[in-house]
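Work through these exercises on pockets and their linings. Try each task before you read its solution.

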Amino acid sequence: MSEANLTLNQFLQQIPKIELHCHLLGTVRKETMKELARKNGARTTDAEINAFYVRGEKPVGVLHVFRELENQILQDPDDLRRITYEYLEDASRQQVRHAEFFWNPTGTLAATDLSYSELQNAILLGMNEAETDFGITSLLIPSIDREASASAGLEMVALMCAHRHPAVVGIGMDYNEVNNPPEKFSDAYALAKKVSLKTTAHAGEFGTSWKNVETAMDVLGVDRLDHAYSVLDNPALVSRCIDQGILITVVPTNSYYLRTLSADLWAQEHPIRQMARAGLKIHPNTDDPSFHLVDPIKCQRMMIEAFGYGIDDLKNFMLNGLEGSWLDHTTKSNLIKQWSEEFDEQRQKYL
Ligand SMILES: [Zn+2]
């Protein structure tokens, strides 16, 4: 095949990528999970682990898998170093050059006798090794387990302050949003902002009201939003997001819409189809690649094939991602310039 005729997949393989919404525990390779379970004497069987990686009629919930990892499988700092390194290796193979990823300390701290600093250092070591071996840069986002108490959220931010590291730039909030609205953790977010940590939060993810998106913006004062699909139910709030230029990280494989929209209407009725067309700044992400059976290239394919976006939109998503990232200003400006040129160069070959 001549260079002047890249297929869509080849084009998608070549273009530089950033990932801003991926959960470390959602990236674990199947064989790694089996090895770690065996090594640490977890009660989790190979058959159960196999089932975690199947998306059939009734898939095992990702949040259930996370609890199994936290409570049973991840028992020593090197486990965290290894899964971090392997995630970044897998991402870099698809030209993800920078990743900002979530990790929930609260569950692992409760289930093991490891300290916050041991865990954070192990992840930072994996990040450093991956940068050396694959050239991928990354930042870590400790994320509040919203099913835990408000004081556990505050404690997490206090631990971050006590073990402050420049690659641990901000906080997020995830796990089950139903009955755990953003304002539950207003104290944790106030402390994060006071010490100049960046902030984001999952909101409007599980068919939950646009109110949670508004609260995340107004009460928590977040710098960006994760999911935020229900914002479309409130046109005034959409306008505010556009005026503010806030980045929304979206997930094409989001399980709530896969579960609740019928297969024939899913691609038409999915909020992602409307979000960028409405003027919102979005960036597509893998979320839990191992369990959603997705990867960065497939994620971009879905934006085109399921939601009808074009190549120019992909460039805008890439630029949205860079602008909304938590890289320093100079690095961001340089990457915007370099990646735009690279994208255009590959585009010439694709057309
Ligand atoms: Zn997520």
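**Exercise 1.** How many nonpolar, polar and charged residues does the lining of the largest pocket have?

*Solution.* The model is predicted: local features need pLDDT of at least 70, side-chain atom pairs count only at pLDDT 80 or more, and totals for chains, interfaces and linings use all residues. Residues are numbered from 1 along each chain as its sequence is written, and side-chain values use heavy atoms, without hydrogens and water.

Step 1. Find the pocket (on a 1 Å grid over the protein atoms alone, an open set of points where a 1.4 Å probe fits, with protein on both sides within 12 Å along at least five of seven lines; lining residues have an atom within 4 Å of a point).

Step 2. Sort by class: Ala, Val, Leu, Ile, Met, Phe, Trp, Tyr, Cys and Pro are nonpolar, Asp, Glu, Lys and Arg charged, the others, Gly among them, polar.

Step 3. Read off 10 nonpolar, 10 polar and nine charged residues.

**Exercise 2.** Which element gives the largest share of the lining of the largest pocket?

*Solution.* Helices are DSSP runs (H or I, at least four residues), numbered from the N terminus. Helix 4 gives the largest share, four residues.

**Exercise 3.** Which residues are the closest to the centre of the second largest pocket?

*Solution.* Step 1. This pocket has a volume of about 210 Å³, the space filled by probe spheres set on grid points joined across faces, edges and corners.

Step 2. Of its 15 lining residues, Asp 90, Pro 289, Ser 290, Val 294 and Asp 295 are the closest to the centre.

Step 3. Helix 5 (77–92) and helix 15 (289–292) each give two or more lining residues.
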